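Student: Could we go through this model together? I would like to begin with the terms.

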Amino acid sequence: ENNLAKDAGEREEANIIREVCREVGSISDILFDLRFNPDICSSVVKFPESEKEANQLQRRLLKEASAFLLSVQIPNFIKECLDHVTVPLDGATLTEALHTHGINIRYLGTVATILDQSEDGQPLDHIYKIVVGEIITRSAKKILRRYLQGTEM
């Protein structure tokens, strides 16, 4: 009887996970595996009418994920920096720390703005400098790559 109850509980759990995975558009029905279309918010790319519902779901999930990053993950990252739990020393460790917190590099500008406006500014000044340096480095790399691609060697 105890094993039957345990099996029934595990089946119920599996069914709940499947249902939630289906609801959030996971590509797997046993793991939360969300993959966003990078063009989902593009005004240039046109999608077939048959994908309208899936695209609306992706847009909603993307907005929710962004709101979560802005309201929870980025403030937690900055708090951990203040508490010296996370200590980025250069661009590579900054990138690793951001990714560990689930923060994509596209949020570097937001992190810089929050650090710059922080009332505790002085203790995080070194991290602000790393963030700005990383923004400049990545921007220069993108510009130079575009320029060099058009140059014959």
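Tutor: Contact, or touching, means heavy atoms within 4.5 Å. The model is predicted, so local features need pLDDT of at least 70 and side-chain atom pairs count only at pLDDT 80 or more, while totals for chains, interfaces and linings use all residues. Residues are numbered from 1 along each chain as its sequence is written, and side-chain values use heavy atoms, with hydrogens and water left out.

Student: Which residues does Leu115 touch, not counting those up to four places away in sequence?

Tutor: Leu115 touches Ile78, Leu124, Ile127, Tyr128 and Val131. Leu115 itself belongs to helix 4 (residues 108-117); helices (H or I, at least four residues) are DSSP runs numbered from the N terminus.

Student: Is Leu115 buried or exposed?

Tutor: Leu115 has a relative accessible area of 5% and is therefore buried. Buried means under 20% relative accessible area, exposed over 50%, and partly exposed in between, with a 1.4 Å probe and protein chains only.

Student: How far is Leu115 from Asp39?

Tutor: Their C-alpha atoms are separated by 30 Å, and the two residues are 76 residues apart along the chain.

Student: Let us turn to helix packing. At what angle do helix 3 and helix 5 pack?

Tutor: Helix 3 (residues 91-100) and helix 5 (residues 125-149) pack at about 100 degrees, with their axes 10 Å apart. Axes are lines fitted to C-alpha atoms, for helices over the stretch in contact, and angles run from 0 to 180 degrees between N-to-C directions. The two helices are therefore roughly perpendicular to each other; that term covers 65 to 115 degrees, with under 35 roughly parallel, over 145 roughly antiparallel and the rest oblique.

Student: Which residues meet there?

Tutor: From helix 3 come Gly91, Leu94 and Thr95, and from helix 5 Ile130, Val131, Glu134 and Arg138. By class, this contact of helix 3 with helix 5 has three nonpolar, two polar and two charged residues. Ala, Val, Leu, Ile, Met, Phe, Trp, Tyr, Cys and Pro count as nonpolar, Asp, Glu, Lys and Arg as charged, and the others, Gly among them, as polar.

Student: Is Glu134 buried or exposed?

Tutor: Glu134 is buried, with a relative accessible area of 13%. Leaving aside residues up to four places away in sequence, Glu134 touches Gly91, Leu94, Thr95 and Leu108.

Student: And where is His84 found?

Tutor: His84 sits in the loop between helix 2 and helix 3. The residue is exposed, with a relative accessible area of 57%. Phi of His84 is near 60 degrees, a positive value in a residue other than glycine.

Student: What about the second largest pocket?

Tutor: About 160 Å³ of space lies in that pocket. A volume is the space filled by probe spheres set on grid points, which are joined across faces, edges and corners. Helix 2 (residues 52-82) gives the largest share of the lining, five residues.

How values were computed: On a 1 Å grid over the protein atoms alone, a cavity is a set of points where a 1.4 Å probe fits but cannot get out, and a pocket is an open set with protein on both sides within 12 Å along at least five of seven lines; lining residues have an atom within 4 Å of a point.
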